[in-house]
Amino acid sequence: MPLLHVTSPQYGRMRYGFSLTYPFGLAKQWDQPYPKAFAEKFSLLTVEANPTVACSITDWLSIGGGVRLIYGKGEVDNEIGAPLSPMATLSRSSDGIDTQLGYNLAVSIRPNERWSMAATYRSEVKLDLDGHTDMQAMAGSMPLAAYSGDGSVSVNLPAVLSLATAFSFDRLTVELAWDRTYWSSFSNLDFSYPVNFLNSPFAPFDAVSVKNWDDSDAYRIGLTYDWNERWTTTLGFTYDRTPVPTHSLGYELPDADATVYCAGARYRYSPSTEFGLSYMYYRTRSRSVEAADANLSGIDGRFTDGGAHAVTFGVIMTF
């Protein structure tokens, strides 16, 4: 996905910025019969445009803030078949979009030229994803019931508090950061329709899915080394705690504690142009769940080999 960050020159004590990012995203697909009942396809895309302004109060203190314009798009497909639904096959296909506003605040302190500290806060944003839903109940090849109409679901994007510090030792800069993500705002997943399906074949799709996630922490360390005027290399490591408790672990996000490893290099082609290449490996730990844990998805098994790879190419230009 294309990321964009723009920072203006300093005008007096003011500086302006803009970023285009993707703060929360998810996509899962399952082919096996039981997981398909929960997430044959489950995806959420968010796009954030964030204009900001910063003010240098003194030589060592700066504050900033901005508006978060977030666009969200969600898609959910389910299929409940044998042996979960012996009398009929139930299917649902839903999509929805929404755009909402939030805010972010920041403060930066620089005790000396080598040492800096910062705190940022990004507000919670609630997306009401309104769109279209198709549902069908089939007994073999015979249709039993169908619905095609409006459908919606609310998703809370949590607030995030970040504290970070960086210290430079000649050519080496060491960065430490702690993120607190307030996932406890995500209490349930409740699809809404203009009709009540509780006493119909589509009742499983009209039930509230309890989540009650926990607030989670991430701990990060980064190393940047300037080899010479041309080359800079970076290394990073993160330990990321999962917010998903055992009782509400589901196939749409079978999450676990994760470790993140990343490395990169930047090449200064000219005083105004730099090129960068980075790699990230996100590895989730194995996680066992037993039916005796009273988990709401009825999972009895072990999730293994979770993770993701990401390669990023970037260009930095100064005007």
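**A walk from rings to strands**

The charged end of Arg92 sits over the ring of Phe191, 4.2 Å from its centre; a charge counts as sitting over a ring if NZ of Lys or CZ of Arg is within 6 Å of the ring centre and within 35 degrees of the ring normal. Keep in mind that this is a predicted model, in which local features need pLDDT of at least 70 and side-chain atom pairs count only at pLDDT 80 or more, while totals for chains, interfaces and linings use all residues. Residues are numbered from 1 along each chain as its sequence is written, and side-chain values use heavy atoms, with hydrogens and water left out.

Let us stay with the rings. Rings of Phe, Tyr and Trp (for Trp, the six-membered ring) pair if their centres lie within 6.5 Å, and planes under 30 degrees apart count as stacked, over 60 as edge-to-face and the rest as tilted. By this rule there are 22 aromatic pairs. Tyr11 and Tyr16 are a tilted pair because their ring centres are 6.3 Å apart and their planes stand at 45°. Tyr34 and Tyr251 have ring centres 5.9 Å apart and planes at 80°, so this pair is edge-to-face. Tyr34 lies in helix α1 and Tyr251 in the loop between β16 (231–240) and β17, so the pair ties together parts that are 217 residues apart in sequence. Helices (H or I, at least four residues) and strands (E, at least two) are DSSP runs, numbered from the N terminus. Tyr34 is partly exposed at 28% relative accessible area, whereas Tyr251 is buried at 10%; buried means under 20%, exposed over 50% and partly exposed in between, with a 1.4 Å probe and protein chains only.

Now turn to the strands, which pair if DSSP finds at least two bridges between them. β17 (residues 258–270) and β18 (residues 273–284) pair in the antiparallel sense over 12 bridges, and they form a hairpin with two residues between them. Within this pairing, Tyr261 stands opposite Tyr281 in β18. β18 is also joined by 11 bridges to strand β21 (residues 307–317), and these two run antiparallel. Here Thr273 stands opposite Met317 in β21. As you look along these strands, remember that in a regular strand the side chains alternate between the two faces of the sheet.
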